[in-house]
Amino acid sequence: MTPSTTQTVTASNTATAISPGSIRINEIAWAGTRSSSFDEWIELYSLEAADIDLQGYTIVARDGTPTIHLNGSIAAHGYYLLERSDDDTISDLTADQIYTGALSNAGEILELISPTGEIIDTVNSAGGDWPAGDSASRASMERLGEADLWGTNTGIITHGHDSRGD
């Protein structure tokens, strides 16, 4: 994920150069939540010091589903929550966007694509099973630091609850 070029996007009404890796896919609940296996969600994180307009960005699964056309903006050093099908997945956080299309529990290759077609971030680039997360406990997969290392969320630190309050 080493960037070789930059792109220009609108950030806070000002053109700012955004390089690949400036927005990353930060956490994925590919197995859903304890409340429902259908309650999948994806979290993005911005490493930029300015807000980023997400118009034209897309999250694409190599198997064709889901394909998510992003909208809205992500705050500087902020998070952006995508919930599958409805805003009830994480009961105490409002989704930034609702999407359709299921993530495979057997693993996916996900790519965050810029408006110019450049790959900004990739998850599970080797394919095969997800590198972390757990379908039995419905634990999410979260990025560890800025590297392409993933861990299974232990549930010790949480910032939201599923529709049952777990």
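The structure is a predicted model, in which local features need pLDDT of at least 70 and side-chain atom pairs count only at pLDDT 80 or more, while totals for chains, interfaces and linings use all residues. Residues are numbered from 1 along each chain as its sequence is written, and side-chain values use heavy atoms, with hydrogens and water left out.

View 1. Strands are DSSP runs of E with at least two residues, helices are runs of H or I with at least four, and both are numbered from the N terminus; two strands pair if DSSP finds at least two bridges between them. Strand 6 and strand 11 run antiparallel and are joined by four bridges. Strand 6 also pairs with strand 7, again in the antiparallel sense, over three bridges, and here V60 has T67 in strand 7 as its bridge partner. The hairpin of strand 6 and strand 7 has five residues between the strands, and within this hairpin G64 takes a positive phi near 100 degrees.

View 2. Strand 13 and strand 14 pair in the antiparallel sense over three bridges, and the bridge partner of M141 in strand 14 is T152.

**View 3. The largest nonpolar core.** A nonpolar core is a set of buried Ala, Val, Leu, Ile, Met, Phe, Trp, Tyr and Cys residues joined through side-chain atoms within 4.5 Å, and buried means under 20% relative accessible area, against over 50% for exposed and in between for partly exposed (1.4 Å probe, protein chains only). The largest such core has 27 residues, and among those with the most contacts inside it are I28, I42, L44 and L110. Elements that give two or more residues to this core include strand 3 (23-29), strand 4 (41-46) and strand 9 (79-84), and the largest share, three residues, comes from strand 3. When its neighbours within four places in sequence are left aside, I42 is in contact (heavy atoms within 4.5 Å) with residues including I25, I28, I59, L82 and L103.

View 4. Side chains of opposite charge can pair when their charged atoms come close. A salt bridge is counted when a side-chain nitrogen of Lys or Arg lies within 4 Å of a carboxyl oxygen of Asp or Glu, and the structure holds four of them. In one of these, R84 meets E40 with the closest N and O atoms 3.5 Å apart; R84 lies in strand 9 and E40 in the loop between strand 3 and strand 4, so the pair ties together parts that are 44 residues apart in sequence. Both R84 and E40 are buried. In another, the side chains of R62 and E111 meet at 2.7 Å, N to O. R62 counts as exposed because its relative accessibility is 54%, whereas E111 is buried at 9%. D121 and R143 form a further salt bridge at 2.8 Å, N to O, linking strand 12 with strand 13 (residues 141-143) across 22 residues. D121 and R143 are both buried, and salt bridges that share partners join D121, R143 and D148 into one network.

**View 5. Two aromatic pairs.** Rings of Phe, Tyr and Trp (its six-membered ring) pair if their centres lie within 6.5 Å, and planes under 30 degrees apart count as stacked, over 60 as edge-to-face and the rest as tilted. By this rule the count comes to two pairs. W30 and W130 are stacked, at 6.0 Å centre to centre and with 15 degrees between the planes. W30 lies in the loop between strand 3 and strand 4 and W130 in the loop between strand 12 and strand 13, so this pair ties together parts 100 residues apart in sequence. The rings of Y45 and Y79 have centres 4.8 Å apart and planes at 45 degrees, so this pair is tilted. Y45 is buried, with a relative accessible area of 15%, whereas Y79 is exposed, at 51%.
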